[in-house]
Amino acid sequence: IDNMQLELMSYEGEMLDIDLPITVDMEVIEAPPGFAGDTAANTTKEVTLQTGMKLDVPLFINQGDIVRVDTRDGRYLTRM
């Protein structure tokens, strides 16, 4: 994501490691509609985030929403 701050570890100009933040907030740029009858437990849909990442989220998430993603395993945490 543009302007995201990362921690970089290098030695003599060679990149050794990059530490991402534990969570990042990203905008949903594409989301299929959730339907009123879809109330089964743990029902999800796949959306596309601003980075192009595909993510399974609850049905109430819509295009334009900001969602928090865990960078350790790439899962949805919450809507912001």
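This report describes the nonpolar core, a surface patch and the salt bridges of a predicted model.

In soluble globular proteins, nonpolar side chains tend to be buried together. The largest nonpolar core here has 12 residues: Val24, Met26, Val28, Ala31, Val47, Leu49, Leu55, Val57, Ile61, Val67, Val69 and Tyr76. Two or more residues of this core come from each of the strands β3 (23-30), β4 (44-49), β5 (54-58) and β6 (66-70). Strand β3 gives the largest share, 3 residues.

Isoleucine 61 is one of the core residues. Leaving aside residues up to four places away in sequence, isoleucine 61 touches Val28, Ala31, Lys45, Val67, Tyr76 and Arg79.

Methionine 4 lies in the segment before β1 (7-11). Its relative accessibility is 29%, so methionine 4 counts as partly exposed. Apart from residues up to four places away in sequence, methionine 4 touches Pro21 and Val24; Val24 is also listed in the core. The C-alpha atoms of methionine 4 and leucine 20 are separated by 9.2 Å, and the two residues are 16 residues apart along the chain.

Leucine 20 belongs to a nonpolar patch on the surface, together with Leu6, Leu8, Met15 and Ile18. The accessible area of these residues together is about 470 Å². Isoleucine 18 lies in strand β2 (residues 14-19). Isoleucine 18 counts as partly exposed because its relative accessibility is 44%.

**Salt bridges**

Side chains of opposite charge can pair when their charged atoms come close.

| Salt bridge | N to O distance |
|---|---|
| Aspartate 25 and arginine 68 | 2.8 Å |
| Aspartate 70 and arginine 75 | 3.9 Å |
| Aspartate 73 and arginine 75 | 2.8 Å |

Aspartate 25 pairs with arginine 68. This pair links distant parts of the chain, with aspartate 25 in strand β3 and arginine 68 in strand β6, 43 residues apart. Aspartate 25 is partly exposed because its relative accessible area is 34%. Arginine 68 counts as partly exposed at 26% relative accessibility.

Arginine 75 forms a salt bridge with aspartate 70 and another with aspartate 73. Asp70, Arg72, Asp73 and Arg75 are linked in a network of salt bridges. Arginine 75 is partly exposed, with a relative accessible area of 43%. Aspartate 73 counts as partly exposed at 47% relative accessibility.

Notes:
Residues are numbered from 1 along each chain as its sequence is written. This is a predicted model: local features need pLDDT of at least 70, side-chain atom pairs count only at pLDDT 80 or more; totals for chains, interfaces and linings use all residues. Side-chain values use heavy atoms; hydrogens and water are left out. Patches are made of residues with over 30% relative accessible area and no salt bridge: like charges are joined within 9 Å, nonpolar side chains (Val, Leu, Ile, Met, Phe, Trp, Tyr) within 5 Å. Accessible areas come from the Shrake-Rupley method with a 1.4 Å probe; for residues, only the protein chains shown count as cover. A salt bridge is a side-chain nitrogen of Lys or Arg within 4 Å of a carboxyl oxygen of Asp or Glu. Helices (H or I, at least four residues) and strands (E, at least two) are DSSP runs, numbered from the N terminus. Buried means under 20% relative accessible area, exposed over 50%, partly exposed in between (1.4 Å probe, protein chains only). A nonpolar core is a set of buried Ala, Val, Leu, Ile, Met, Phe, Trp, Tyr and Cys residues joined through side-chain atoms within 4.5 Å. Contact means heavy atoms within 4.5 Å.
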